[in-house]
Amino acid sequence: MSDIPSHRSEPVALLRGSQHLVRQHRVRRARADDCAAIAGIYNQAIASRRCTMDTELVTAGGALDQLHGLRLREALLVATPEKGTGAPVRGWGVVKRYSNRPGYHLTCETSVYVHEAERGQGYGAALQRELLRHATAFGYRHLVAKILAVNTESIAFHQRHGFEEVGVQRRIGLIDGVWHDVAILQYLIDADRRA
Ligand SMILES: CC(C)(COP(=O)(O)OP(=O)(O)OC[C@H]1O[C@@H](n2cnc3c(N)ncnc32)[C@H](O)[C@@H]1OP(=O)(O)O)[C@@H](O)C(=O)NCCC(=O)NCCS
């Protein structure tokens, strides 16, 4: 399938104290030179012990492997504050196949991570919109997001973007001696509800 052109997200009006800022985030396909930033953002999520079941910090090389390992109908996206080479990566998201089993060919899994210092500024929303647009263009009809139950703000974020919680896997993960539940969220794309 051909590449899907990235596009500028809608302007995001932010009220910060007395300042009224308008930002236009860019979301585009990740490149090799984004991988250090992608790894850095993911390492914050790993260190928090409440966003992922990964426990070992990753390297830029690991992120590059993920980028090079993408298959058809998969995409790694990054969000930046503006266009242009050198614009800092503030967050990233991925849409990937849910399973290799043919019966799941219309199902994908999505994840989104934003730099801790840059949250609440619309990067997550911009990434989520683009993940949904890519998933739709790739022909998926069902998106899955798996989120640690302690991560209530991320569950709420996904629900605000149309995901529905369909179940909780109790005590499915053990991190540093702490048992974790995982919430399963789904987003159904149907003919009347195209992204
Ligand atoms: C969930 C996550 C991706 C959201 O990204 P984000 O860039 O903060 O998202 P947005 O700014 O688009 O939206 C955050 C919402 O919280 C509000 N908010 C305000 N201040 C905030 C802050 N300091 N931090 C986070 N959210 C804040 C925003 O106004 C916004 O509300 P709205 O949806 O009603 O508009 C981000 O918190 C994150 O990276 N979490 C850790 C990784 C993770 O848990 N990923 C999910 C696993 S799939």
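Two strands pair if DSSP finds at least two bridges between them. Keep that in mind for the exercises below, which all work on a predicted model.

**Exercise 1. Get your bearings: how many helices and strands does the protein chain have, and which pattern do they follow along the sequence?**

Solution. 
- Step 1: Walk along the sequence. The pattern reads β-β-β-α-α-β-β-β-α-β-α-β-β.

**Exercise 2. Work out the order of the strands in the open sheet, and find its edge strands.**

Solution. 
- Step 1: Look at the two ends. Strand 3 and strand 8 (164-175) are the edge strands, as each of them pairs on one side only.
- Step 2: Check the twist, which averages 25 degrees from one strand to the next.

**Exercise 3. Look at some strand pairs: in which sense do they run, parallel or antiparallel?**

Solution. 
- Step 1: Recall that strands of a sheet pair through backbone hydrogen bonds, either parallel or antiparallel.
- Step 2: Begin with strand 3 and strand 4. They are antiparallel, with four bridges, and Arg26 sits opposite Thr80 of strand 4.
- Step 3: Move to strand 7 and strand 9. These run antiparallel too, joined by seven bridges; here Lys146 faces Ile184 in strand 9.
- Step 4: Finish with strand 8 and strand 9, an antiparallel pair with eight bridges. Gly167 has Ile184 of strand 9 as its bridge partner.
- Step 5: Find the turn. Strand 8 and strand 9 make a hairpin with two residues between them, and Asp176 in that turn has a positive phi of about 50 degrees.

**Exercise 4. Check the length of helix 3, then say what covers its buried residues.**

Solution. 
- Step 1: Helix 3 covers residues 123-137, so 15 residues at 1.5 Å each should span 21 Å. (The sum uses one less than the number of residues.)
- Step 2: Compare with the model. The end C-alpha atoms are 21 Å apart, which agrees.
- Step 3: Pick out the buried residues of helix 3, including Leu127, Leu131 and Ala135.
- Step 4: See what lies over them. Among the covering elements are strand 5 (91-97), strand 6 (107-114) and helix 4 (152-160).
- Step 5: Follow the direction. Helix 3 lies across strands 3, 4, 5, 6 and 7, running at about 160 degrees to strand 6.

**Exercise 5. Explore the largest nonpolar core: how many residues does it have?**

Solution. 
- Step 1: The core has 37 residues, and Leu77, Trp92, Leu127 and Leu131 are among those with the most contacts inside it.
- Step 2: Ask who contributes. Helix 1 (35-48), helix 3 and strand 9 (178-188) are among the elements that each supply at least two residues.
- Step 3: Zoom in on Leu77. Leaving aside neighbours within four places in sequence, its contacts include Val27, Trp92, Leu127 and Leu131.

**Exercise 6. Classify Glu118: buried, exposed or partly exposed?**

Solution. 
- Step 1: Find Glu118 in the loop between strand 6 and helix 3.
- Step 2: Count the other C-beta atoms within 10 Å: there are 17.
- Step 3: Buried takes 20 or more and exposed 12 or fewer, so Glu118 is partly exposed.
- Step 4: Look across to Arg90. It is 28 residues away along the chain, yet the C-alpha atoms of Glu118 and Arg90 are separated by 6.6 Å.

Notes
Residues are numbered from 1 along each chain as its sequence is written. This is a predicted model: local features need pLDDT of at least 70, side-chain atom pairs count only at pLDDT 80 or more; totals for chains, interfaces and linings use all residues. Two residues are in contact if their C-beta atoms, placed from the backbone, lie within 7 Å. Axes are lines fitted to C-alpha atoms, for helices over the stretch in contact, and angles run from 0 to 180 degrees between N-to-C directions. A nonpolar core is a set of buried Ala, Val, Leu, Ile, Met, Phe, Trp, Tyr and Cys residues joined through C-beta atoms within 7 Å.
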